[in-house]
Amino acid sequence: MYDIVVIGGGPAGLTAAIYACRAGKSVLVIEKNAFGGQITWSPRVENFPGYLSITGAELGDKLLEQAMEQGGEVELEEVTGIAPLDGVWQIVCESGATFTAGAVILAAGAKPRMLGIEREEELVGSGVCYCAVCDGAFYAGKPVAVCGGGNSALQDALLLSERCSKVFLVHRRDSFRGEQKLVDALKKRENVEFVLNAQIKALLGEEEVSGLLVSQNGAERALAVEGVFVAIGHQPDLGVFAPYLTLSDAGYAASDERCLTPTPGLFVAGDCREKQVRQLTTATADGAVAAVAALSYLEKH
Ligand code: NAP
């Protein structure tokens, strides 16, 4: 049995593990995809204090190394259920593996939001992508589109403009939510075209994407692209934990500023938590706060 099991190995979960380990607790971090979480796919991070510039993958590796160095154990597993039984949490994984813990910190992050248009799911991997770092190389020398107006979309467009023949940046408004510095860098790229006040209505092509139908300022326009990179934010995926949480309409876990949930012994941290600002810095801050709350809970039980 562990003192604390952390579900999710992104910046929030790994920071929680660092704090709990340093308090002398036994800690297991369970991650289903890649340790480091979403930031792993960010080509360059320039807003994490202490680093002028670092790749997301390198930062993720450093966080993992730090958590393990402090004594944290890690497992690559998908958690399919949790349940409190006589004051001990049972954590069940898809493989059949089970773990027990005195407290659980839920730092499960969020998954990419989909456009929700016809054939989007069918064409994933055949022109529809959600990660420019992972899939960009497949589109070298080809025209592509990026959809979104946040930092992810702007960074994806910058990255893709280095290897694709043309990048259409399709955004539903006329101004961007992402950093002006990134917008300015994109404006200097000759192969980048902003398609503003525009929504993607349809994916063209039979077995592979060959274009997009976009509605822009009331008119329809076809964009000839071989790939579309959807970067319109993320949404939490807390379904299996729902019985122990209060979820907002958007599916985020409500908590107070101590990262407590309505269920004793269950704490929530990072992007899956209902809050205003979802950044690396706020994720790591949550991890520390949730760990301290879990330590205080364990002391009393
Ligand atoms: P985001 O900031 O939430 O931006 C999502 C974008 O997608 C917005 O421009 C939004 O439009 C648009 N959008 C949402 N739903 C849409 C839909 N159904 N159809 C079309 N467009 C839609 O998400 P993000 O860019 O993934 O960033 C998430 C967080 O991570 C942000 O806080 C960001 O700053 C941070 N981040 C940081 C770094 C870094 O380097 N440190 C890198 C990437 C991301 P509206 O603007 O009209 O709402």
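Visitor: How many bridges join strand β4 to β5, and do the two run parallel or antiparallel?

Guide: Start with the general idea. Strands of a sheet pair through backbone hydrogen bonds, either parallel or antiparallel. In this predicted model, β4 (residues 79-85) and β5 are joined by 6 bridges and run antiparallel. To find the pairing in the structure, look for Ala83, which stands opposite Gln90 in β5.

Visitor: Which strand does β5 pair with through 4 bridges?

Guide: That strand is β6, and β5 and β6 run antiparallel.

Visitor: Where is Glu94, and is Glu94 buried or exposed?

Guide: Glu94 sits in the loop between β5 (88-93) and β6 (98-106). Exposed means over 50% relative accessible area; Glu94 has 59%, so Glu94 is exposed. Setting aside neighbours within four places in sequence, Glu94 is in contact with Glu78 and Thr80.

Visitor: Which other residues have a positive phi without being glycine?

Guide: Among them are Asn197, with phi near 50 degrees, and Asn217, with phi of about 50 degrees. Asn197 lies in the loop between β11 and β12 (198-204), and Asn217 in the loop between β13 (211-216) and β14 (219-223). Asn197 is partly exposed, at a relative accessible area of 30%. Asn217 is exposed, at 60% relative accessibility.

Visitor: Now for parallel strands. Which strands pair with β2 in the parallel sense?

Guide: Strand β1 (residues 2-7) is joined to β2 by 4 bridges, and the two run parallel. Within that pair, Val5 stands opposite Leu28 in β2. The chain goes from β1 through helix α1 (residues 11-22) to β2, making a right-handed β-α-β crossover. Strand β3 (residues 73-76) also pairs with β2 in the parallel sense, over 4 bridges. There Ile30 stands opposite Glu75 in β3. A right-handed β-α-β unit is made by β2, helix α2 (residues 56-69) and β3.

Visitor: Why is β2 described as largely enclosed by the rest of the structure?

Guide: Count the buried residues, where buried means under 20% relative accessible area. In β2 (residues 27-31), 5 of the 5 residues are buried, so the strand is largely enclosed by the rest of the structure. Both faces are covered: Val27, Val29 and Glu31 are buried on one side, and Leu28 and Ile30 on the other.

Visitor: How many residues of helix α4 are buried?

Guide: For helices, keep the geometry in mind. An α-helix has 3.6 residues a turn, so residues three or four places apart point the same way. In α4 (residues 151-161), 9 of the 11 residues are buried, so this helix is largely enclosed by the rest of the structure. The buried residues include Ala153, Leu154 and Gln155. Their cover includes α3 (132-135), β9 (143-147), β10 (166-170) and α5 (180-187).

Visitor: What is the strand order of the open sheet of 5 strands?

Guide: The order is β8-β15-β9-β10-β11, with parallel pairing. The edge strands are β8 (128-129) and β11, each pairing on one side only.

Visitor: Last, the ligand. Which residues come nearest to the ligand?

Guide: There are 20 residues around the ligand, and the nearest are Asn47, Ser152, Arg173, Arg177 and Gln279. Helix α4 gives the most to this shell, with 3 residues. A polar side-chain atom of Asn47 is 2.9 Å from a nitrogen atom of the ligand. A side-chain N or O atom of Arg177 is 2.5 Å from an oxygen atom of the ligand. The ligand on its own has 920 Å² of accessible area, and the protein covers 81% of this.

Note on methods: Residues are numbered from 1 along each chain as its sequence is written. This is a predicted model: local features need pLDDT of at least 70, side-chain atom pairs count only at pLDDT 80 or more; totals for chains, interfaces and linings use all residues. Side-chain values use heavy atoms; hydrogens and water are left out. Buried means under 20% relative accessible area, exposed over 50%, partly exposed in between (1.4 Å probe, protein chains only). Two strands pair if DSSP finds at least two bridges between them. A crossover is right-handed if, with the strands pointing away from the viewer, the path from the first strand over the helix to the second runs clockwise. Contact means heavy atoms within 4.5 Å. A residue is near a molecule or strand if one of its heavy atoms lies within 4 Å of it. A polar contact is a pair of N or O atoms within 3.5 Å; within protein, one must be able to donate a hydrogen and the other to accept it, and residues adjacent in sequence count only if both atoms are side-chain atoms. Accessible areas come from the Shrake-Rupley method with a 1.4 Å probe; for residues, only the protein chains shown count as cover.
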